[in-house]
Amino acid sequence: MAAEGPGGDAPVRGKRADAQRNRETVLAAAAEVFVTSGVDAPIRRIATRAGVGMATIYRHFPTRADLVTAVYQHQIEACAEAGPKLAADAGSPLDALRQWIDLFVDFLVTKHGLADALQSDSDRFAALHAYFLDRLLPVCAQLLDAAVAAGDIRPGTQPYELMRGIGNLCIGRDDDPRYDPRRLIALLLQGLRQPRTT
């Protein structure tokens, strides 16, 4: 039986903290590997990138679908949590919106291939898509509304339309190295700008 620490259950907390850190490290490594090698990349490559053994990955994520789903959720949460921070710290509402859109594009690139990996479990993917919309639409709406209220963006753009448009512009990035969706997304944002009166 393990000895208790001064706080009674400190060793358990320490183990939980280590397990959580390992989990976060694995998710970050998996996201990076998925970007470069797709969601079918060898688990060994993810373990090497994370600096953990394969047993650690399988302990947290028994199947590849579990890992893919967790990466997807992790990326959604990071993108959702960034919105309020950017709104508070950016120089203007428009800067906050632009920076968040950059993160959203990074997320969409990371997400590439996840739908294919989850096709065998359509219920799981449908739940993830609903989660994606539930978490990210309100963040986009808040940032967009702030930019409209500041007079930087024309009123009338719907958050879903903006997110869908950005998503559509990201399609095909992997098939053509000459295509940079960020340039077109910058043009899209320029088109949404409120004309300045002189």
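Predicted model: local features only at pLDDT ≥ 70, side-chain atom pairs only at ≥ 80, totals over all residues.
Two elements give two or more residues to its lining, namely helix H5 (93–111) and helix H9 (181–192). H9 provides the largest share, with 5 residues. If you want to find the spot on your screen, look for Arg98, Ile101, Asp102 and Val105, which are among the lining residues, along with others including Arg182, Leu189 and Arg193.

Now let's go to the core. As a bit of background, nonpolar side chains tend to be buried together in soluble globular proteins. In this model, the largest nonpolar core has 32 residues. Trp100, Ile101, Phe104, Leu136 and Ile166 have the most contacts inside it. Helices H4 (64–89), H5, H7 (122–149), H8 (159–170) and H9 each supply at least two residues of this core, and the largest share, 9 residues, comes from H5.

Let's stop at tryptophan 100. Which residues does tryptophan 100 touch, leaving aside its neighbours within four places in sequence? The contacts are Cys79, Ala82, Gly83, Leu86, Leu136, Val139, Cys140, Leu143 and Met163. There is also a second, separate core of 20 residues, and Ile43, Ile57, Phe61 and Val68 are among its members.

Last topic: aromatic rings. The count comes to 5 aromatic pairs. In one of them, tyrosine 72 and phenylalanine 107 are stacked, at 5.9 Å centre to centre with 5 degrees between the planes. Tyrosine 72 sits in helix H4 and phenylalanine 107 in helix H5, so this pair ties together parts that are 35 residues apart in sequence. Both of these residues, tyrosine 72 and phenylalanine 107, are buried.

Tryptophan 100 and phenylalanine 104 make another stacked pair, 5.4 Å centre to centre and again with 5 degrees between the planes. They are 4 residues apart in helix H5, so about one helical turn separates them. Tryptophan 100 is buried, with a relative accessible area of 1%, and phenylalanine 104 is buried with a value of 1% too.

To finish, Tyr72, Trp100, Phe104, Phe107 and Phe132 form one aromatic cluster.

Notes: Residues numbered from 1 in each chain as written. Heavy atoms only, no water. 1 Å grid on protein atoms, 1.4 Å probe; cavity = no way out; pocket = protein on both sides within 12 Å on 5 of 7 lines; lining within 4 Å. Core = buried A, V, L, I, M, F, W, Y, C linked by side-chain atoms within 4.5 Å. Buried < 20%, exposed > 50% of the residue type's maximum accessible area, 1.4 Å probe, protein only. Contact = heavy atoms within 4.5 Å. Phe/Tyr/Trp six-rings, centres within 6.5 Å; stacked < 30°, edge-to-face > 60°.
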